[in-house]
Amino acid sequence: MAVALVLVLIVVGSVLFHLLSPWWWTPIASNWAYIDNTIIITFWITGVVFAAVVLFMAYCVFRFRHREGNRAAYEPENKRLESWLTIVTAVGVTALLVPGLFVWSRFVNVPSDATEVEVVGQQWQWSFRLPGRDGKLGTSDTRDVTADNPLGVIPKDPNGQDDVVVEAADLHLPVGKPVKMLLRSIDVLHDFYVPEFRAKMDMIPGSVTYFWFTPTRTGTFQVLCAELCGQGHPMMHGVVMVDTQQDYMAWLGQQQTFAQLSAPKQTGSADETTGQTAALGPEIAARLETVGSR
Amino acid sequence: MVDITPADGIPPAEVAEVELYHPHGWWTKYVFSQDAKVIAVQYSATATAIGLVALVLSWLMRLQLGFPGTFDFITPEAYYQFITMHGMIMVIYLLTALFLGGFGNYLIPLMVGARDMVFPYVNMLSYWIYLLAVLVLVSSFFAPGGPTGAGWTLYPPQAIMSGTPGGQDWGIILMLSSLILFIIGFTMGGLNYVVTVLQGRTRGMTMMRLPLTVWGIFTATVMALLAFPALFVASVMMLLDRVLGTSFFMPAISEMGEQLQHNGGSPILFQHLFWFFGHPEVYIVALPAFGIVSDLISTHARKNIFGYRMMVWAIVGIGALSFVVWAHHMYVSGMHPYFGFFFATTTLIIAIPTAIKVYNWVLTLWRGDIHLTIPMLFALAFIVTFVNGGLTGLFLGNVVVDVPLSDTMFVVAHFHMVMGVAPILVVFGAIYHWYPKVTGRMLDETLGRFHFWVTFLGAYLIFFPMHYLGLMGVPRRYAELTDMTIMTESAHHLNSFISIMAFIVGFAQMVFLFNLIWSIRHGREAGGNPWRATTLEWQTPQTPPAHGNFGKDLPIVYRWAYDYSVPGAKEDFIPQNMPGSFGPSREPA
């Protein structure tokens, strides 16, 4: 009796917890509301199954508990019932899988107008690289990583010279424009994860991985590393700011290119360098704009 | 549906019995014993001892998560060492060793009607190598730099680099060496279990008359023999990378401004090898639990297991399918995204045979005569937690749903519910069930009920809310949850609550241990068959069974393992070795 009651309370309690507890996902800031919807479908189907199985158990425990003189029924098999249950389960599983795979195909097929942004992880910080006026990221190699070339951009590749390098600082993205995040690491596995964007992907030294999304609202979002990367892992936070187009352009105008960063230091004072960047920035931004609208 | 008389369907003995090795003294009887039952107790005791270490480690990590910044000695390095050792111990050195080495050794020969395992000497070696593996693992706590903190998945490159505790010290070397030893030891035991089930069954014990416990352990062992080699080669290769500087898993790396002498290796290759082992490993733990819980439910509900043949095929089907789902652990690993379509499909297909098993357990309760004994309580609790954890698997297995949830506390909650709590509840139920056979005495009922309620409800309260932290986006493997903009104040309070529950549930395990030790001398006398069960281990002439298990003659099996409440029979159970004239056998033909 008590056991049956506890089983019922587990179902009721779990459902109430789900509905009433304050712990839920963060407000979404990307186009991946599809993923949230798939999770909602999954909660419904699995919730119904959980409640049905446990309540059925509770009923059995109550109804068929041992009393003096009771004797169990003898029924080794029931082919009809077993077939029906198998079919119903298969239908339920299909109802989960089909929307899931449908959304996955959207997730892995990057729209052609997505702008590329490179994220580079290292113990324990985030850096970023944006294509310059040529719209192309230069190639990179971990063996070219030095103090002056922290991302390992291959110096001889002309495509890399105008790349915008954001070392260990915040990334800004324009709202409403799809971006393809190209993910790279120079030491161990990391994982670029912004809970509000719903997307994440590991970064593997020696490979370039990716995911894409469209930021749907402006704001400041925390980047978390989601793949254990050593003892600094929980401190490996970063910031992504989703800006309006104007704010984004202003930010981009203040960034430096790879060529500027790797130019010999003694050729000018810090002030001159900043001046150059300020002059170059809008051109790069304009170029990115045309790339973005292709 | 026909009566089976002793003359019918019982094949003659094919080979003469082999003389058992008889111990000559205390050492060969209790220490270097070749009796599977002694080896089983040795395996179980060692696994329990190392499991206590894992329990303490879980307390330490919950101290940090529940009350961050309060305990100075839990540095990030220490925290990662705690989680790594906790995970590895629980999965490999406790659950695998206990289900296969412990329950497998005790139950296989008794249940199939054999005098012992077919290779008793190799069986003994298996335990001693396992013990050595455990000692090597424990030694890493005392080695310079401490144990490895690479996470139980040991992903390279970080596992062998200086940013990870033990990466450039002894920790990772001892961990890999211990795994290699474990696999060698396990292979010796595993071959024994398989051959004993295939070749050591007594007359009349056909494969389709085996209790589901044996089917579960047998299938899990076959899987382990196929899966562990992948971990073996991965461990050897990583050891070579670490010690000799090879580059199996190590690409070119710039570590803290310095170029390492590695080039061309593939970190993701390790993940494929690891999970080719790691996913079957989940079922290596789950299938014995499935088998055992089927027998617990059937015995204590006094009713045949519903759909026995379907249950057997579901076990075999799950075992086979579990070898083609491994990369669902790697949806966000950066492998080719098209793999996601394949692995999500196979993963969700595996839900079908798994669901069938759940239906058949609850349908066994339907119209039963349910005795709410402690083993039955644990079996019911298993169904609740297993259904809960299995259903959250449908979130994580469905590739796109996994993307936001992967590497969060949702995953931690899921796998603890489904392969931590659920199988361990079966372990407890099984111990309360078979302890009378092992010792001749019952475990204390009052302490047992206290242990059950605190463990079941406490564990549910730990892991059910934890899913919602993951849904919020809280990552797993974070030694510090400070400065997290996504975490509300109440989420931190929830973490404190989970930690307090963890201490309470841990405390209840001390009560259980006390019960285990106290009842050896003070428990109520059990008699030979206290649960009035049908299977052969309850029909031994002595309790505890003597060396050789059965008396002068081996039992002859006339019926399946589930003749409970047979209509027309006087008793509500008919032992497997009872000839047909004592009541009809209705086993499915």
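Which residues of strand S6 of chain A point one way, and which the other way? Let's start there, everyone. His190(A) and Phe192(A) point one way from S6, which covers residues 190-193, while Asp191(A) and Tyr193(A) point the other way. These residues are all buried, and buried here means that 20 or more other C-beta atoms lie within 10 Å of a residue's own; 12 or fewer makes it exposed, anything in between partly exposed, and the C-beta atoms are placed from the backbone.

Before going on, a word on what you are looking at. This is a predicted model, in which local features need pLDDT of at least 70 and side-chain atom pairs count only at pLDDT 80 or more, while totals for chains, interfaces and linings use all residues. Residues are numbered from 1 along each chain as its sequence is written, and chains are lettered from A and ligands numbered from 1 in the order in which they are written.

Back to our strand and its partners. Helices (H or I, at least four residues) and strands (E, at least two) are DSSP runs, numbered from the N terminus, and two strands pair if DSSP finds at least two bridges between them. S6(A) runs antiparallel to strand S7, residues 200-203 of chain A, and 4 bridges join them. Tyr193(A) has Lys200(A) as its bridge partner in S7(A). The two strands form a hairpin with 6 residues between them, and in the turn Arg198(A) has a positive phi of about 70 degrees. S6(A) also pairs with strand S9, residues 219-225 of chain A, in the antiparallel sense over 2 bridges. There, Phe192(A) has Cys225(A) as its bridge partner.

Now for chain A as a whole. It has 7 helices and 11 strands, and of its 294 residues, 41% are buried. Chain A also has an open sheet of 6 strands with mixed pairing, in the order S8-S5-S1-S2-S3-S11. Why is one side of S8 and of S11 left without a neighbour in the sheet? Strand S8 (209-213) and strand S11 (256-257) stand at the edges, each with a single partner strand, so one side of each has no neighbour there. Strand S5, residues 179-185, pairs with S8(A) in the antiparallel sense over 5 bridges, and Leu182(A) stands opposite Tyr210(A) in S8(A).

Next, how the chains meet. Two residues are in contact if their C-beta atoms, placed from the backbone, lie within 7 Å. By that rule, 84 residues of chain A are in contact with 99 residues of chain B. Helix H3 (79-108) is among the elements that give two or more residues to chain A's side, and S6, S7 and S9 are on that list as well. H3(A) gives the most, with 14 residues. Chain A's side divides into 49 nonpolar, 23 polar and 12 charged residues. In this count, Ala, Val, Leu, Ile, Met, Phe, Trp, Tyr, Cys and Pro are nonpolar, Asp, Glu, Lys and Arg are charged, and the others, Gly among them, are polar.

Let's look at the core too. A nonpolar core is a set of buried Ala, Val, Leu, Ile, Met, Phe, Trp, Tyr and Cys residues joined through C-beta atoms within 7 Å. The largest one has 282 residues, and Met57(A), Phe378(B) and Ile383(B) have the most contacts inside it. H3(B) gives the most to this core, with 24 residues. Leaving aside neighbours within four places in sequence, Met57(A) is in contact with Leu7(A), Val362(B), Leu365(B), Leu380(B) and Ile383(B).

Most residues other than glycine have a negative phi, and most peptide bonds are trans. The peptide bond from Gln123(A) to Trp124(A) is cis, with omega near -10 degrees; Trp124(A) lies in the loop between strand S1 (115-122) and strand S2 (125-130) of chain A. In chain B, the bond from Thr543(B) to Pro544(B) is cis, with omega near -5 degrees.

Is Arg302(B) buried or exposed? Arg302(B) counts as buried because it has 21 C-beta neighbours inside 10 Å. Its phi is positive, near 55 degrees, and its place is in the loop between helix H7 (267-300) and helix H8 (308-321) of chain B. Arg367(B) also has a positive phi, near 60 degrees, but Arg367(B) is partly exposed, with 19 other C-beta atoms within 10 Å.
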